[in-house]
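This report describes the fold of one protein chain, from its overall layout down to single residues. Please keep the sequence and the structure open while reading.

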Amino acid sequence: HPGEDVKVKSVPKLMETYYNSIGRNATLLLNFPIMPNGLIHPNDEKAVLEFAKAVKEAFAVDLTDNAEAEATNIRGNASKFNAVEAIDDNKDTYWATDDSVTKASLTIDFGKSTTFNRFLVQEYIHLGQRVRAFTVEALVNGNWKELAKATTIGYKRILRFPTVKAAQVRFNITDSKSCPVISNIGIYDAPQILTAPSIIRNQFGEVII
């Protein structure tokens with residue numbers, strides 16, 4: 001409806017929807033309304049193109065590239081289940097633990113102090129959803145600092161937290177239905193997206209920003 005042309009969601013709101021859907025092991029439905037001429041409104045078109053650009057920019061550089069990884073347990077000590085299989089950018093390979101191990105940690109070493117604010121993790125979903133709880137920590141000034149914690153992972157989970165600078169990141173699986181199988185871990189430094197302030201003048205002439 002013409003009256004809703006100015007109600008199109010902004011890029012910050014669309015990104016929030018992205019993190020609460022794709023970032024939480026779900027799908028994203030944009031649900032475009034169609035104009036009488038059969039086209040998407042220019043306002044919607046502009047917003048979604050900017051949204052697509054913002055997503056690409058947020059995940060353009062995976063900081064785990066060229067990083068090293070080690071885990072507290074490796075299934076049968078076999079190289080094909082090693083920790084590096086979780087950061088090799090191949091969803092068909094995965095880090096796995098022994099059957100009896102449902103709590104384990106994987107540490108990623110950048111080799112130098114690195115800035116980041118996003119942590120992406122995926123299970124090898126062909127073998128089912130297993131992880132029940134996990135945390136993410138960073139080695140800051142010689143001490144491990146918890147950045148985020150969550151429950152399920154599934155196909156994909158993305159965690160957001162304030163920007164931190166560290167040389168090492170530790171992914172801790174604290175509870176799992178059975179031995180975890182982690183196919184992919186990505187760490188990113190997403191650009192900050194600022195929301196434009198809204199200005200309201202009430203009936204008394206007071207301006208609120």
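Strands, like helices, are DSSP runs numbered from the N terminus, a strand being a run of E with at least two residues. On that basis, Asp 89 falls in the loop between β1 and β2. The model is predicted.

## Overall layout

The protein contains 2 helices and 9 strands. Read from the N terminus, the order of its elements is α-α-β-β-β-β-β-β-β-β-β. The C-alpha trace spans about 65 × 40 × 30 Å along its principal axes.

The chain has 209 residues, of which 40% count as buried. Taking contacts between residues at least 6 apart in sequence, 71% of them join residues at least 24 apart.

## The helix pair

Two packed helices are described by the angle between their axes and the distance between the axes. Helix α1 covers residues 11-21 and helix α2 covers residues 42-58; they pack at about 55 degrees, and their axes are 9 Å apart. The crossing of α1 past α2 is right-handed.

On the α1 side, the contact is made by Val 11, Leu 14, Met 15, Tyr 18 and Tyr 19. Their partners in α2 are Ala 47, Glu 50, Phe 51, Ala 54, Val 55 and Ala 58. By class, the residues of this contact are 10 nonpolar, no polar and 1 charged.

## Buried residues of α1

An α-helix has 3.6 residues a turn, so residues three or four places apart point the same way. In α1 the buried residues are Val 11, Leu 14, Met 15, Tyr 18, Tyr 19 and Ser 21. These buried residues pack against α2, β3 and β6.

Leu 14 is an example from helix α1. With a relative accessible area of 9%, Leu 14 is buried, since the cut-off for buried is under 20%. Not counting residues up to four places away in sequence, Leu 14 touches Lys 9, Leu 30, Ala 47 and Phe 51. Leu 14 and Glu 123 are 109 residues apart along the chain, and their C-alpha atoms are separated by 25 Å.

In soluble globular proteins, nonpolar side chains tend to be buried together. The largest nonpolar core here has 32 residues, and the members that touch the most others are Phe 116, Phe 119, Phe 171, Ile 182 and Ile 185. At least two residues of this core come from each of β3 (104-123), β4 (131-140), β5 (143-150), β6 (157-176) and β7 (181-188). Another core, of 15 residues, lies apart from it and includes Tyr 19, Ala 47, Val 55 and Ala 190.

Which residues does Ile 182 contact, leaving aside its neighbours within four places in sequence? They are Ala 86, Thr 93, Tyr 94, Trp 95, Val 121, Gln 122, Glu 123, Val 131, Ile 153, Phe 171 and Ile 173.

Thr 102 lies in the loop between β2 (95-96) and β3. At 26% relative accessibility, Thr 102 counts as partly exposed. Leaving aside neighbours within four places in sequence, Thr 102 contacts Ile 173, Asp 175, Ser 176, Ser 178, Cys 179 and Pro 180.

Lys 112 belongs to strand β3. Its relative accessible area is 59%, so Lys 112 is exposed. Residues up to four places away in sequence aside, Lys 112 touches Ala 166 and Ala 167. Lys 112 and Gln 168 are 56 residues apart in sequence, with a C-alpha to C-alpha distance of 8.3 Å.

Most residues other than glycine have a negative phi. Asn 77 is not a glycine, yet has a positive phi of about 55 degrees. This residue is found in the loop between β1 (68-71) and β2. Asn 77 counts as exposed, at 70% relative accessibility.

Asp 89, in the loop between β1 and β2, also has a positive phi, near 60 degrees. Its relative accessible area is 65%, so Asp 89 is exposed.

Note on methods. Residues are numbered from 1 along each chain as its sequence is written. This is a predicted model: local features need pLDDT of at least 70, side-chain atom pairs count only at pLDDT 80 or more; totals for chains, interfaces and linings use all residues. Side-chain values use heavy atoms; hydrogens and water are left out. Axes are lines fitted to C-alpha atoms, for helices over the stretch in contact, and angles run from 0 to 180 degrees between N-to-C directions. Helices (H or I, at least four residues) and strands (E, at least two) are DSSP runs, numbered from the N terminus. A crossing is left-handed if the near helix is turned anticlockwise from the far one by less than a right angle, and right-handed if clockwise. Contact means heavy atoms within 4.5 Å. Ala, Val, Leu, Ile, Met, Phe, Trp, Tyr, Cys and Pro count as nonpolar, Asp, Glu, Lys and Arg as charged, and the others, Gly among them, as polar. A nonpolar core is a set of buried Ala, Val, Leu, Ile, Met, Phe, Trp, Tyr and Cys residues joined through side-chain atoms within 4.5 Å. Buried means under 20% relative accessible area, exposed over 50%, partly exposed in between (1.4 Å probe, protein chains only).
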